[in-house]
Amino acid sequence: MEEISYQAADDCTLYATVVGEGQPLVLMHAGGPDHKSMLPLAERLADRCMVVLPDLRGYGRSVCKDPARYTWAQYTEDVTRLLDHIGLSSAVLAGAGLGSTITLRAAAAYPERIRAAVLIGVEDIEDDEAKEAEIRFLDAFAARVEAEGIKAGWEPILAGLPPVVGAMVRDAIPRSDPASIVAAAAIGHDRSFRSVDELATITVPTLIFPGTDPRHPTALAEEAANTLPNAQLAPIPIGADLHTAVDLARATAPAIREFLRCQTVG
């Protein structure tokens, strides 16, 4: 296991962990947890992949306290800077929640650098009314964190999330910087995509694991799988039967391994 740091385009210092050797795979965590939430999955792929596990901007060691630096374009550029730092011209991108949105944005912006994509729970793509509701929701979350701490900020939210997400968030709280978590909530003011139709421009092979909660709706994953030209839906939903990061790894690793094998053979 190797720990690395690198400079983002705005000179923010970001961190990542590398495990395994072989096909390069950047595996990104959801919003709230940090890279450790993806370690059990990385360990199940490390015999065939060099798995790079970033602490995404705002989370874990990658502290960034300026809310103006949280945009989807910035997150996408953070990925390309990470690839440049490691010396990779291209890689497979995978992510859960926030990480899945970054994966999609990167695949849309830099198709020549993204070999394939794995999406573990696709974040909702809202209409204008739902987007305004999301902004209010994240602003309220940030205000609670600022006033009462990270645990209090998450408390009213966790019950509505899949158990595995709640476990990952709780595990990461002691390693999180409160001011950075507050700033990271500003991503709600940016817009990832305006409609699912925009995903039609993403042509890389894509494996999609459907979510089962309102923030990662099953219907959206199914619609995305039908919209992306080269996508397939995994038969394993991210649902209430998964309780830990190990459960998530055990459930998703076989399908990811087979997907990656097919990309290598192809």
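Q: Let's start with β4, residues 49–55. How many of the seven residues are buried?
A: Seven of the seven, so strand β4 is largely enclosed by the rest of the structure. Keep in mind that this is a predicted model.

Q: OK, and which residues sit on each side of β4?
A: One side has Cys49, Val51, Leu53 and Asp55, and the other has Met50, Val52 and Pro54. They're all buried, and both faces of the strand are covered.

Q: In what sense do β2 and β4 pair, parallel or antiparallel?
A: Antiparallel, with five bridges between β4 and β2, which is residues 13–19. Within that pairing, Tyr15 has Asp55 of β4 as its bridge partner.

Q: And β3 with β4, parallel or antiparallel?
A: That pairing is parallel, over four bridges, with β3 covering residues 23–28. Gln23 is bridged to Cys49 in β4.

Q: What unit do β3, α1 and β4 make?
A: A right-handed β-α-β unit, where helix α1 is residues 39–45.

Q: Switching to helix α5. Which residues are buried there?
A: In α5, residues 150–158, the buried ones are Ile150, Gly153, Trp154, Ile157 and Leu158. Looking down the helix axis, those buried residues fall within an arc of 115°, so they line one face.

Q: Let's zoom in on Gly153. What's its relative accessibility?
A: It's 0%, and therefore Gly153 counts as buried. Leaving out residues up to four places away in sequence, Gly153 touches Phe141, Arg144 and Val145.

Q: How far apart are the C-alpha atoms of Gly153 and Arg69?
A: They're separated by 21 Å, and the two residues are 84 apart along the chain.

Q: New topic: where is His216?
A: His216 is in the loop between β7 (206–209) and α8 (218–227).

Q: Does it count as buried or exposed?
A: Buried, because its relative accessibility is 13% and the cut-off for buried is under 20%.

Q: Which residues does His216 touch?
A: Setting aside residues up to four places away in sequence, His216 touches Gly97, Gly121, Val122, Glu123 and Gly211.

Note on methods: Residues numbered from 1 in each chain as written. Predicted model: local features only at pLDDT ≥ 70, side-chain atom pairs only at ≥ 80, totals over all residues. Heavy atoms only, no water. Helix = DSSP H or I, 4+ residues; strand = E, 2+ residues; numbered from the N terminus. Buried < 20%, exposed > 50% of the residue type's maximum accessible area, 1.4 Å probe, protein only. Contact = heavy atoms within 4.5 Å. Arc of directions from axis to C-beta. Pairing = 2+ DSSP bridges. Right-handed = clockwise from strand over helix to strand, strands pointing away.
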